[in-house]
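Subject: Structure for you to look at

Hello,

Here is the structure we spoke about.

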Amino acid sequence: MKKHTKEFKSSISTFGRELDSKIFVLGTELVLEKEDLFSITPVVNSEILKTIMKEVDFESKKQIGIGQEVNVKSGVKVNGKYEYIDYGNYSVYKSEYKAETDTYSHICYDKMLKTMIDYTPLDITYPINLREYINAIATKCGLEFADKNSTFANYNTSINEDHFSNGNYTFRDVLDYIAQLVGGWFCINNDDKLEIRYPKLARNYGEANGEDVSFTSNVEDEINTIIVDGKSTQATSTDPVTPSPDNPSEIECVKGKNLFDYTKLNNENTVQWKAYENLGTMFRALPIYVGANKQIYFSSNIPALTTRNAFYAINNINEGSSNILNVDNSKVVSSNSDGYVYLGVVTNRQYYAEVQSNEYWIMISTDNQPYLPYNTIQIKNTGKNLLNIFENYTSGQSITSNGITYKINEDGTITANGTATANSGLDIYSTKSRKSIKKGTYTLSGSIGGTSSTYRIIIRIDKEYFSINGGTTFTINEDASYYMTIRIYKGTTVNNLVFKPMIEKGTQATAYEPYQESILNIDLQGNELCSLPNNVKDELVIENGRAKIIKNVGKTIVAKGDFYNGTTWNGYFVRPEGKINTANDRLLCDRAIANRTHTDGTMYENQANVMLVGSNTDTIETLKAKYDGAILYYQLATLTEIDLGEVDTLSTFKGVNNVSLDANMQTNMNLIYTAEYEELDKHFLKDVNVSFSKKYGAVNSVVFSRGNGSDNIYRKDNASINKNGLTEIKIADNPFLEGDDRENFIQQLFDKINGLEFYIMDVASTGIMYLELGDLYYFNMIEEKPSLKSGLVKSGMRKAQGSSGGKFLCLLMNDEIKITQGLEENIYSDEPEITETNYKTASITDTSIKNAIIQTNKNSAEILLKVNNDEVVSAINLSPENIKISSAKLDIDAIATFTNSKLAEAGSTVINGANITTGSINCDRLNGGTINGQAIRGGSISIEKGVYYFNMGTSTSNPNCSGLNVGGYGIKAYSDITATGFAITDSDTGKSQSINIYDGHGKVWYLTFTGGILTASEYK
């Protein structure tokens, strides 16, 4: 949805609303106000899986030139002030004068117009992944690709060749084909960037902030935006004054929950390691700054070791310690006033490599939490119930204690049975596995009907609190930890007694809910989130599945400076890279205090540098000794963005949500979350032209088709087909899918659009204004009970097929908003083309159809189909002039009819007679040539009188003829009288029959058969 407030939605549907519109002519000071404008009409027309070019038409008193860019805004008065919807920027494509109204009409398009240029080869190297390919197209067209760092369907699938260099295409044509691969639309967003847009539930958002954030949502969804503020703390005191060159004071910034940097394990010879004095020189200790007077938890999964081969948890390197750290021994120590704890290590380096490779881990943190890698923060959302029993138990597990059997149920409740032979207990958290809890007010509940002598739930923090009947409320003023026990006292018998342990925020015990959580871990990748005394701070921004750090604070380690020789003091000035050009002392340093007193151990900033102040006796050498190695934080002149890559989303739960940050320190968070899905009712509709038709979807099949629909591969969801019926999306003859790699595209596309559904609808609205392409939203058409309200039942409304109680899920595909003195908005969605593939002839993979490859050439209208199976290759080349089939065998299983008159044109057709093995050949005539065969049966052979003759045998000298049957008038034939052998003829009258025999010596004998007597006579 376009950005708007709840008040806008209320005002736009109110009778008597006040509207306003503005058109800003970009690059000029000209603004067309309401009195200059007769009408504004934003238009969106779309088809599924296409590019979309948005349009704005407006009519005004003033003419705006062709090619001029404009920005269009329209709004409604909200609480005495106009709130505008930004419809984006457009380029004037057409501008005409209308004499009848003395106005100018304008047609404008967004920057998708830039893609409507002829395709030319891209300056890229193949193969290239699809995301980089789209980015190259955007660059070629003078656009920025908004999703150049995003993941989307087939973003990493390779394009192996140029499919369009020989065709008549525009770049928009190419993007149309790509839209079919990514499963969405290409459009121009309000930042004028090329964007992939997917159907998405339109959401109304809520905002919340704080160190621990609680809110209520009406839907299960996700947190849209999380912003974590940078924060820096520094311990200071007045006796001695710190920080100073002699008493450095570390600066702690937000850098992750686990404070142990495993990369320092091998740095045993640096100043970061100190001798562990009381245990001898064989030991070293790594100092870790955690902040003064804090309780610090050490844990690890390293195997148990000996005292001479171990890691130790230490709070003071000058004191002996038996705090061996391993998988069986988690330790808690308190930091001293200097803010340090230490990891002690013997010189035997047995497990260094394993810790480096994360096979084993060490966790040092301010509370007892599961392991997190160094420099990782965790953001967690839990539902109403903050108690997770499954941290220590599994569903279905049974535990018996002093006659009572406790069974852990799937929903986190606990069923108890038996008679307690002594006091019986189930530790939800034990004294050795205490659970951290932040300061605040909480209520414990879950034990109904018990007493202090029968059964109850006990939680121990600073003191014990009990849940007996209902709930008990307690307040914690500082972060702490607790343990919790279910207690059933000796002699008590229980039968299927169900405990429902729950801790929730606030003072009221409410109905039990199972524990639920969503966790998001963010690796800061070596960065920290800092702040300065003037509230300039870094930010971690998590949005749309990606995380980035916005750095406003720079950090440098002083290593080289210049000497300043003053009259009462000397100084050492440095030039931090990228520092803001100001003199406002936006500084933090571990060895100096920011002020302008010019006393030893202070600092201040000039426009280009930072001055570290010494005494009047300091030289350049003594100043180097004081300040080299100092850590200095300062404000950057230009913020920088550090992309942390893709991250998961943090889910929200229906009802109460509690979002907390697990890091080395608490800091403020700002959240934008889904409060509810967008739902419209009949108040937004006119009294006529309201139609909700059948439901489209859910989409449950994708087919890639080529070769005139004869070559298909598919993916389908059989469970959805059985439930909803088949809804198929067919992608036909896409040039990207001509080769043998189309299998690489189909699964990601199917995963993206599987399940898409919406109602086909067409409504005339009184104006909504804030919906945009791809929004999925609900129209609630449920009839209200009779009341004094009017206009609730709309005429012309048809009931949708398959609707549920008159609530329709709609997809914004086509929208026309006409703003004049009033407002009218027409919204409709066309049903996508219905196709149904014969899946018996289609296949899951190309391998199943012997790797059929179809290549098309749009210019020459040629199709080349190749079938590759190992080394056997067949090919069909089709063009308007010629069809060429090349194959070892051609098997045609069909009735073939040849009707084209071109078969009568000159040419040759050769058929090997040995390959004609069945049926018969029927013909009216055989013209020319020789017929070879064994026998001719049935009918007659007629040879016309004249120069034609009937010749049988292989030669005239040896006819080798037998089996000649002559009946009726015989066979008419005329032969050369000089030939040898015999010939067949009849008399000129055709009434008598004879056989003339030529003996080869010039004599001719003829045979006559009369009255049963055969007579031979010489022809003279």
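The notes below cover a helix pair and one serine.

Please keep in mind that this is a predicted model.

Helix H2 spans residues 130-140 and helix H3 spans residues 171-182. Their axes come within 11 Å and cross at roughly 155°. Angles over 145 degrees count as roughly antiparallel, so H2 and H3 are roughly antiparallel to each other. The crossing of H2 past H3 is left-handed. On the H2 side, the contact is made by Leu130, Tyr133, Ile134, Ile137 and Lys140; H3 contributes Phe171, Val174, Leu175, Ile178, Leu181 and Val182. By class, that contact has 10 nonpolar residues, one charged and no polar.

As for H2 itself, its buried residues include Leu130, Arg131, Tyr133, Ile134, Ala136, Ile137 and Ala138. H3 is among the elements that cover them, as are strands E8 (128-129), E9 (158-159), E10 (185-188) and E11 (194-197). The N-terminal end of H2 is capped by asparagine 129, with a side-chain oxygen 3.1 Å from the backbone nitrogen of arginine 131. Glycine 142 follows H2 and has a positive phi, near 75°.

The other item is serine 74, in strand E5 (residues 69-78). Buried means under 20% relative accessible area; serine 74 has 0% and is therefore buried. Its side chain makes a polar contact with the side chain of serine 21, at 2.8 Å. Leaving out residues up to four places away in sequence, serine 74 touches Asp20, Ser21, Ile40, Glu83, Tyr84, Ile85, Tyr87, Met769 and Ile819.

Regards

Terms used. Residues numbered from 1 in each chain as written. Predicted model: local features only at pLDDT ≥ 70, side-chain atom pairs only at ≥ 80, totals over all residues. Heavy atoms only, no water. Axes fitted to C-alpha atoms, helices over the stretch in contact; angles between N-to-C directions. Helix = DSSP H or I, 4+ residues; strand = E, 2+ residues; numbered from the N terminus. Parallel < 35°, antiparallel > 145°, perpendicular 65-115°, else oblique. Left-handed = near helix turned anticlockwise from the far one by under 90°. Contact = heavy atoms within 4.5 Å. Nonpolar A, V, L, I, M, F, W, Y, C, P; charged D, E, K, R; others polar. Buried < 20%, exposed > 50% of the residue type's maximum accessible area, 1.4 Å probe, protein only. Polar contact = N/O pair within 3.5 Å; in protein donor to acceptor, adjacent residues only side chain to side chain.
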